[in-house]
Amino acid sequence: MSRSNEGVVQGSRTDAPPSGADAGRGRAGTSGEAGSDFLQLDIGRVPAGGRTEWLAGRLRAAIADGTLPAGSRLPASRVLAAELQVSRGLVTEAYQRLAETGQVSGRGRAGTVVVAVPSRAEPPAGGPRATGAGAGPVDALRALPCRIDLSPGVPDLAAFPRTAWLRAERQVLADLTPADFGYGNPQGAPALREAVAGWLARNRGIRADPGEVVIVAGVAQALALLSQVLREAGVTRLAVEDPGSLGARQQLEYGQLEPVPVPVDGAGLDVAALRASGARAVLLTPAHQFPTGVVLDGDRRRDLLGWAADGGLVIEDDYDAEHRYDRAPVPALRALLPEAVCYAGSVSKLLAPALRLGWLLVPARHRDAVLAAKRYADLGNPVLAQLVLARLMDSGELERHLRFLRRRHRRRRDAMLRALRDRLPGARVHGAAAGLHLTVTFDGDAFEDTALASAALDLGVKCHPLSWHRFRPGPPGLILGYASGPVAEIEEGIAVLAAAQRRIMP
């Protein structure tokens with residue numbers, strides 16, 4: 001049995017980290033975040049006396065298998081030490097051991113760079129192939145004006161790295177030839193596909209050749225393309241999480257697939273219920289389930305991968321995987337069973353939804369069909385934005401931006417947790433360890449969550465009622481985003497929710 005994602009803290013039940021002096025300081029043993037997205041490093045179970053050799057060994061292995069090719073930059077020692085919650089000297093010693101064997105070199109401000117690696121391994125079987133041939137309630141709410149927006153899925157748009165983007169854009173434009181302004185490759189610009197392959201290897205543990213990457217207009221287009229391909233392959237029903245994203249469900253329905261609800265509990269998707277559903281494919285958010293925030297636990301992962309190995313297809317929406325605060329990184333399912341997992345990700349929550357830039361990896365048996373669907377959909381994404389994003393990924397600028405966002409989001413999350421504790425002490429809080437939103441539920445059925453959300457909107461605050469994202473009935477709840485506004489707005493928004501609740505209570 002897995003441990004529930006819920007707890008009880010000072011009157012508000014929550015899975016948040018300790019508050020007070022230790023909160024957010026990254027002390028080992030308090031935050032539970034002894035891990036780094038870089039190479040999916042999780043140092044939590046390594047004995048203290050063997051950590052230097054362990055880290056050096058992980059780096060050697062990544063260099064040997066090509067995950068870190070020549071020219072790759074290692075994280076600054078102080079950054080990696082902070083993420084792993086170890087001394088900077090430990091990281092420096094591990095780097096030094098690789099320098100002594102000639103595998104890396106310190107280059108001053110350029111950092112520590114990989115300089116010698118064996119030849120690359122062959123791509124996986126069925127690997128790269130040449131490129132051949134109605135508005136719902138969420139949309140309606142998005143269009144409405146408000147004073148404070150606590151809608152989930154809205155990133156910190158004010159944090160968009162304008163200076164870095166402009167600098168990269170100027171560099172890209174200076175290097176372009178006239179021919180580069182013609183029609184691009186529908187699969188995506190080669191530079192971005194290579195950069196995405198490196199990003200996924202470093203941060204999500206996924207080994208993929210650039211030829212396997214398809215650049216798409218966000219996860220929404222990934223689902224549209226997969227719906228078309230699966231429908232043409234004879235798949236008419238697709239299992240989805242319950243509760244799960246209403247937007248994703250609508251995307252599937254528009255693609256003429258029938259969503260089949262499968263329950264989610266404290267361990268993630270109920271794989272036994274998935275088997276019983278008879279569905280041949282499933283869409284899920286295993287790293288940070290929307291909206292509950294639970295992580296698909298180890299037993300469920302093994303069971304799901306067994307189901308997939310028996311002929312099932314997994315569509316992995318890597319929702320909010322990079323936005324984590326109080327837990328070690330969770331490997332992507334695609335890294336474990338690439339031949340049965342379609343993997344979708346984007347920069348919508350990391351940079352901005354307006355960019356419409358994401359990526360899709362599919363098993364070899366579906367790749368040609370997906371590439372054809374992408375070509376006929378739009379002839380490919382705009383090339384200039386792809387090249388700028390590739391420059392940000394390759395330069396390390398995107399990782400720096402992610403570290404900045406984590407600090408900012410943590411402060412805002414903590415502010416929302418405090419406000420919920422003080423203003424809505426009866427609310428049960430879910431999913432605080434990662435993501436850009438909290439889900440709160442209320443015991444009993446004294447009111448409808450749609451009525452609470454409507455009363456809040458009347459007072460100028462937007463949020464989602466949990467029932468929008470459910471198939472089956474359940475206790476009333478709200479989904480509250482905390483990424484888009486400053487702390488003062490978050491505190492005021494929760495105060496308004498408390499007033500709205502008093503307004504509708506019998």
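This report describes the aromatic contacts, nonpolar cores, pocket and cavities of a predicted model.

Across the whole structure, a search finds three aromatic pairs. One of them joins Phe-290 and Tyr-319 in an edge-to-face arrangement, with 5.4 Å from centre to centre and 75° between the planes. Phe-290 belongs to the loop between strand 10 (281–284) and helix 10 (298–309), and Tyr-319 to the loop between strand 11 (313–317) and strand 12 (341–346), so the contact ties together parts that are 29 residues apart in sequence. Both partners lie below the 20% limit for burial: Phe-290 is buried because its relative accessibility is 7%, and Tyr-319 is buried because its relative accessible area is 14%.

The rings of Phe-442 and Phe-447 also form a pair, with centres 5.4 Å apart; their planes meet at 65°, so this pair too is edge-to-face. Phe-442 counts as buried at 5% relative accessibility, and Phe-447 counts as buried at 11%.

An aromatic ring also takes part in a contact with a charge: the charged end of Arg-249 is placed over the ring of Phe-471, at 4.4 Å from the ring centre.

In soluble globular proteins, nonpolar side chains tend to be buried together. The largest nonpolar core in this model contains 37 residues, and Trp-359 and Met-393 are the members that touch the most others. Two or more residues of this core come from each of helix 5 (162–175), helix 6, strand 6 (213–216), strand 13 (358–361), helix 12 and helix 13. Helix 12 gives the largest share, seven residues.

Rolling a probe the size of a water molecule over the atoms shows where empty space is left. The second largest pocket has a volume of about 1,100 Å³. Its lining consists of 48 residues, and Ser-72, Arg-73, Arg-202, Asp-394 and Glu-399 lie nearest the centre. At least two lining residues are supplied by each of helix 2 (77–84), helix 6 (190–204), helix 12 (383–395) and helix 13 (397–423). Helix 6 accounts for the largest share of this lining, with eight residues. Sorted by class, the lining of the second largest pocket comprises 19 nonpolar, 14 polar and 15 charged residues.

**Cavities**

| Cavity | Volume | Lining by class |
|---|---|---|
| Largest cavity | about 50 Å³ | four nonpolar, no polar and four charged residues |
| Second largest cavity | about 40 Å³ | six nonpolar, two polar and two charged residues |

The lining of the largest cavity is made up of Arg-204, Ala-287, Asp-320, Ala-321, Arg-324, Arg-327, Pro-329 and Val-330. Around the second largest cavity are Pro-155, Asp-156, Ala-159, Phe-160, Lys-349, Leu-350, Leu-351, His-401, Leu-405 and His-409.

Conventions: Residues numbered from 1 in each chain as written. Predicted model: local features only at pLDDT ≥ 70, side-chain atom pairs only at ≥ 80, totals over all residues. Heavy atoms only, no water. Phe/Tyr/Trp six-rings, centres within 6.5 Å; stacked < 30°, edge-to-face > 60°. Helix = DSSP H or I, 4+ residues; strand = E, 2+ residues; numbered from the N terminus. Buried < 20%, exposed > 50% of the residue type's maximum accessible area, 1.4 Å probe, protein only. Lys NZ or Arg CZ within 6 Å of the ring centre and 35° of its normal. 1 Å grid on protein atoms, 1.4 Å probe; cavity = no way out; pocket = protein on both sides within 12 Å on 5 of 7 lines; lining within 4 Å. Points joined across faces, edges and corners; volume = space filled by probe spheres on them. Nonpolar A, V, L, I, M, F, W, Y, C, P; charged D, E, K, R; others polar. Core = buried A, V, L, I, M, F, W, Y, C linked by side-chain atoms within 4.5 Å.
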